[in-house]
Amino acid sequence: MLKFILKRLLQAIPVLLIVITITFALIHAAPGGPFSAERAVPPEVIEALNAQYNLDDPAYVQYFIYLKNIVRGDFGPSFKYTGRSVTEIIAAGMPVTFELGFYAIMIALTLGISAGVIASLKPNTIQDYIPMSLAMTGICLPTFVLGPMMVLVFAIWLDWLPVSGWGYIPGDKILPALTLGFAYAAYIARLSRGGMLEILSQDFIRTARAKGLKTATIVTRHALRGGMQPVVSFMGPALAGLLSGSFVVETIFQIPGMGRYFVQAAFNRDYTLILGTTVFFASLIILFNLLADIVTVWLNPRLRDNSNSGN
Amino acid sequence: MSLLSVKDLHIHFHTRNGLVKAVNGVNFELNKGETLGIVGESGSGKTVCCYSLLGLLPSPPARIESGSASFEGKDLLHMPEEELRDIRGNRIAMIFQDPMTSLNPYMKLGAQLIEPLTIHSDISKDEARKRAIAAMQEVGIPEPERRIDCYPHEFSGGMRQRVMIAMALVTEPDILIADEPTTALDVTVQAQILDLIKKLQDKHDIAVIFISHDLGVIAGCADKIIVMHQGDIVESGTTDEIFYKTSHDYTKKLLNAIPTSGKPAAASLDTNKGQEPFFSIDQLQTNYDIRDGSFFGNGKKEIHKAVDNVSLELVEGETLGLVGESGCGKSTIAKSIMRLVNISSGKITLDGKTISSLEGEELKRARGDFQMVFQDPYASLNPRMTVYDSLAEALNTQSNIDKSALLDRVVNLMTDVGLPAQAIRKYPHEFSGGQRQRIAIARALALQPRLLIADEPVSALDVTIQAQILDLLLKLIQKYRITMIFISHDLSVVRYLTDRTAVMYQGKIVEYGETEEIFNKPKHKYTQALLSAIPIADPDKERSRERIIFSPE
């Protein structure tokens, strides 16, 4: 297992390198630069700025300087937010995004697994159709529609919760977390239903019933562990997608998280900030997928015993 | 009053494709300590009948239309769910056919074993664990204190079935329902499990309902028998009545369907000693790598010799039986010949050509000469291809035939295996198991192979169908003068069909010779043990015989 983890971490290095290279090439290929602005700036100033940030060097030189700095753990200064380094910006925005993501994933897991399990117990009946239609709606509704709808209903009409903000007024974290979590809850519901249906049709569930166990015990003790495997494999990409995709929700609810910087950086041609956040998110994706794989192996004793030979 | 009395039981399945009458009026009585055998082929309703007693049938579509099952004066069929839960797994326990899938792979054995105790009585976990260890001891699992913390996949099939039995009997039930408990096991393991059930039954005075398709198994253990066919009881009586005073035609058909040992093999064998062998395996060795298992293991490789220095020679037209228990390497030999696994050393020649060293195009062309029929006709045909597509594909791999000639060939193949030519546009799921195996045989014969390997071709089929498929195979290999290697764990089938037999044990051939010779005068201890384990469909012989236990060294 240790060997497996080490191997996967080593595999991450070329992946990150490819991500950096592609991102670097793309942002440099895009028209404009960090200091293009609507109002005219004297060419001398631009030149001085370019020299200061090595932007007058050929692209490959910039690329290698950037790589050299990254190895030292230095993501460089932001081009737009003068005086702040990329590391500082990530450090400021990330806790907020993480907190939002954590609430959202908890909501998604709770809603999704319960809906999926309930649906799987009586497939093709009303008990299956209702949660699954809700899940379908959740998948179809984009967050930028669901978010404002929730604001309209819960904040404006019912006046139960604040319209926006993050930690200013009690309860202002509920709507964003729900909005972000709901789409993932829908996916998780569908995956749990599928996984549970698969497990519930197995012979050992019949054995459990023949022992005289209650349905609730059969579900929690015998079926859930195996039935959750599709959900666990989904959690890796889901967590990563949730964090990097939170910018819509952050924008709707005016949350000072990482997602907004990510998008703004692209518009501003803030080269270092784009690269920094991309590398950061890419590392997170790799890490979450690795974690999901480890949990999958840990959940299944049969895999545990040949996790070495498989890789 | 009897312990369990089932009266006029009718069960129907209300499916989308219409009504299926699975059980039509079943009656039986079961007394304390008695064994009732229920015999029938797949679809006869024997399992449905027993599942209904414990409320294990999926409903819908299943519905109990009428009848009663009185257990200690209470009707099991019309009891509230909570009340039935108290009985199931406590007073009436059940063991199932496939021990490989009937235990929860995610839970330790201990947790599964104590469950019946903890839910049916107010017993502490420690006490339950002690009882579970005692139960494991009783079913003959060595080192139960250590192995109670193992997961099911660390156990062999026979050991898992022992665990299932321990789990069923840990609450000391009055009735044990055993649904084909030995069908998935090797013949020697089957003998051990049957002896174990018998021993525990006598010791604890348990009544057993034994469901099986195998009259040999039933003959040895049942006091009385009911024979079921398509939901009806066609005959019932004491074991001796059923076997010695058979009255119903269907029972007779079942009894006659068992290939009786001693029938003269049809293929004649001229063993010219000087003759160059038509097919030979010379010192074949096939190894598998096994890696070190544990969670934080070091991944060190170990070599498992699946086939260990095996040599065989066949003359043209001969049929060789390859017998042995699961894991003995018999299927690995087949895969080695078919070039489906890489061999480690040795040489395989067919009609003067060394097929073990062929590569690329040459191998592809030669493949037509050696073909294989697989065990499971349900899984070995592509469900998305019509019969015509499957057969035409086989024909097209070797030569380009024009469309009308192709159709002729496919129709000929179908006629050869006894299927109507109109059926070629159908998909596999529209055929029965026996018919599918016929298609699989047709597919193997499409390229007119010289050598046919049949890997347990009838073990997934009902007995009456088995006989038909075996006769078909025999007819075809004679007609086309095909040399055949017939792999089976069923010794009576091998005796019926083959000229010579090779007995395998742990990758090696321990005995090899003329089939009749081996069956009449087995020399090797292992062969003797294997032969003594075969259940015989004759209650008198079955009750009186002794089994030879083989222990290597």
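**Close-up views of a predicted model**

View 1. Beyond its neighbours within four places in sequence, B:I209 contacts B:L30, B:L36, B:I38, B:C50, B:I175, B:I177 and B:A178 (contact: C-beta atoms, placed from the backbone, within 7 Å). Residues are numbered from 1 along each chain as its sequence is written, and chains are lettered from A in the order in which they are written. In this predicted model, local features need pLDDT of at least 70 and side-chain atom pairs count only at pLDDT 80 or more, whereas totals for chains, interfaces and linings use all residues.

**View 2. The largest nonpolar core.** This core has 204 residues, of which B:A166, B:L176 and B:I209 touch the most other members. A nonpolar core is a set of buried Ala, Val, Leu, Ile, Met, Phe, Trp, Tyr and Cys residues joined through C-beta atoms within 7 Å; buried means that 20 or more other C-beta atoms lie within 10 Å of a residue's own.

**View 3. Helices α4 and α7 of chain B.** The axes (lines fitted to C-alpha atoms over the stretch in contact) of α4 (residues 109-120) and α7 (residues 157-169) come within 7 Å and cross at roughly 30°. The two helices are therefore roughly parallel (angles under 35 degrees). B:L109, B:Q112, B:L113 and B:P116 of α4(B) meet B:V163, B:A166 and B:M167 of α7(B).

**View 4. Residues 261-267 of chain B.** Here pLDDT (the predictor's confidence in each residue, from 0 to 100) stays under 50. For chain B, the mean pLDDT is 87.

Definitions and conventions:
Contact = placed C-beta atoms within 7 Å. Buried ≥ 20, exposed ≤ 12 C-beta atoms within 10 Å, placed from the backbone. Axes fitted to C-alpha atoms, helices over the stretch in contact; angles between N-to-C directions. Helix = DSSP H or I, 4+ residues; strand = E, 2+ residues; numbered from the N terminus. Parallel < 35°, antiparallel > 145°, perpendicular 65-115°, else oblique.
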